[in-house]
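Hello,

Here is the structure I promised to pass on to you. Please have a look at it first, and then read my notes below.

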Amino acid sequence: MSVMQAFKMAIKSILSNKLRSLLTMLGIIIGVTAVISLVALGQGATKSVTEQVKSLGTNLLTVNILGRGSANALDVGEAVALGDEVEGIQYIAPANTQNATVKFGSSSENVSVVGTNADYANVREYEVASGRFVAQIDLDVYQKVAVLGHTTATDLFGFADPIGEYVLIQGTRYKVVGVLAEKGSSMTGSNDEVVIVPETSFERLFKTKGVRTIYVQVETTEQMDAVVAGLEKSLSSRFRGNTDSYRVFNQSDALSALTSVSDTLTLALAGIAGISLLVGGIGIMNIMLVSVTERTREIGIRKAIGAKKRDILIQFLIESMVLSGLGGLLGIGIGVGAARGASSAFNMDIAFSANVIAIAFAFSVGIGVVFGMFPANKAAKLKPIDALRFE
């Protein structure tokens with residue numbers, strides 16, 4: 001008997017018992033659907049988190065100054081000097097952030113006010129849509145100038161041009177010199193609901209002294225470890241060896257940790273979903289055993305007219321494979337639809353992997369082979385005379 005003939009017989013047998021075949025495939029369908037949809041959602045979440053971290057810069061370091069009081073803070077000059085002391089630093093931007101009310105006319109918004117220097121735009125990858133960014137001269141002469149985020153400018157001025165206008169930040173007039181291009185949100189919140197001012201005028205406005213956050217962009221990712229070591233050495237000398245006064249946060253380490261956690265969760269979800277495939281395989285084995293019992297006389301007749309043990313084995317194995325394969329194909333279709341539906345309903349990112357889909361389908365067919373082997377072997381071992389006598 002040829003393989004093609006065995007396939008035709010398998011399809012005929014499946015179609016003759018449509019409801020039973022569908023119920024048999026249900027476990028495989030649910031398993032493949034769960035694998036495809038859960039892995040797609042897991043990989044989508046991983047991709048989203050990775051992109052957000054990368055948007056902050058994979059060669060970005062963040063220095064946090066800890067403790068209370070001005071004695072535990074660095075002034076702008078000391079922070080910028082770290083860039084000259086440590087080799088490999090491309091840009092360095094000391095920054096302080098404070099929530100404040102910004103007004104223009106009758107419009108009022110509560111936004112994040114960032115006090116920083118000219119390098120902040122390069123470090124945080126901001127682009128200026130109109131006007132200019134904060135310049136070093138603004139810090140030197142304590143200029144009361146402000147650069148508005150895209151959303152802040154729209155909320156306060158609508159479609160009007162804000163350049164040259166004055167806004168009130170905590171009751172103090174600041175001249176608008178620039179508007180930032182739209183950047184979207186990241187893990188730290190909205191990047192467009194901000195107002196950026198010179199660090200020196202920020203300290204006067206909010207009556208603070210020194211900076212507690214320093215953003216450092218390294219020239220190349222290969223220099224990250226060396227720059228971290230250099231920064232820790234310089235900070236240690238400034239704080240007289242008190243390592244509890246500062247932390248150097250490596251963005252690439254955070255990316256690696258998040259990716260590792262996301263991959264582990266995705267693998268765990270796929271493993272849990274894979275259990276459904278095993279349950280589906282058991283269902284296939286059970287129904288194939290029933291099928292062997294029902295078709296015992298048929299097997300006896302086929303053996304009596306010359307069918308070999310191999311022919312019977314192939315016939316039932318292919319029938320089991322077709323059942324699980326059809327279940328796998330239906331599961332893939334439903335899984336893709338379920339993932340897209342969940343993405344639309346819950347506003348989640350999804351990412352389909354051709355490799356995962358291929359593995360899920362291959363696994364479903366493999367389940368059919370493994371769990372179909374016992375019933376097929378039982379059918380092949382039947383003696384013709386015993387099979388013909390079976391009632």
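Which residue in S11 is the bridge partner of Val-63? It is Ile-214. Before going further, please keep in mind that this is a predicted model.

S11 covers residues 213-218, and five bridges join S11 to strand S1, with the two running antiparallel. S1 itself spans residues 60-65 and is mostly covered, with five of its six residues buried. S1 also pairs with strand S12, residues 246-250, again through five bridges and in the antiparallel sense. There, Thr-62 has Phe-249 of S12 as its bridge partner. As background, side chains in a regular strand alternate between the two faces of the sheet.

Now to a pair of helices. Two packed helices are described by the angle between their axes and the distance between the axes. For helix H1 (residues 3-16) and helix H11 (residues 309-346), the axes come within 9 Å and cross at roughly 60°. Angles from 65 to 115 degrees would count as roughly perpendicular and those under 35 as roughly parallel, so H1 and H11 are oblique to each other. Their crossing is right-handed.

If you want to find the contact on screen, look in H1 for Val-3, Ala-6, Phe-7, Met-9, Ala-10, Ile-11, Ser-13 and Ile-14. These meet Ile-314, Gln-315, Ile-318, Glu-319, Val-322 and Leu-323 in H11. The residues of this contact between H1 and H11 divide into eleven nonpolar, two polar and one charged.

Enjoy exploring it!

Best wishes

Key. Residues numbered from 1 in each chain as written. Predicted model: local features only at pLDDT ≥ 70, side-chain atom pairs only at ≥ 80, totals over all residues. Heavy atoms only, no water. Axes fitted to C-alpha atoms, helices over the stretch in contact; angles between N-to-C directions. Helix = DSSP H or I, 4+ residues; strand = E, 2+ residues; numbered from the N terminus. Parallel < 35°, antiparallel > 145°, perpendicular 65-115°, else oblique. Left-handed = near helix turned anticlockwise from the far one by under 90°. Contact = heavy atoms within 4.5 Å. Nonpolar A, V, L, I, M, F, W, Y, C, P; charged D, E, K, R; others polar. Buried < 20%, exposed > 50% of the residue type's maximum accessible area, 1.4 Å probe, protein only. Pairing = 2+ DSSP bridges.
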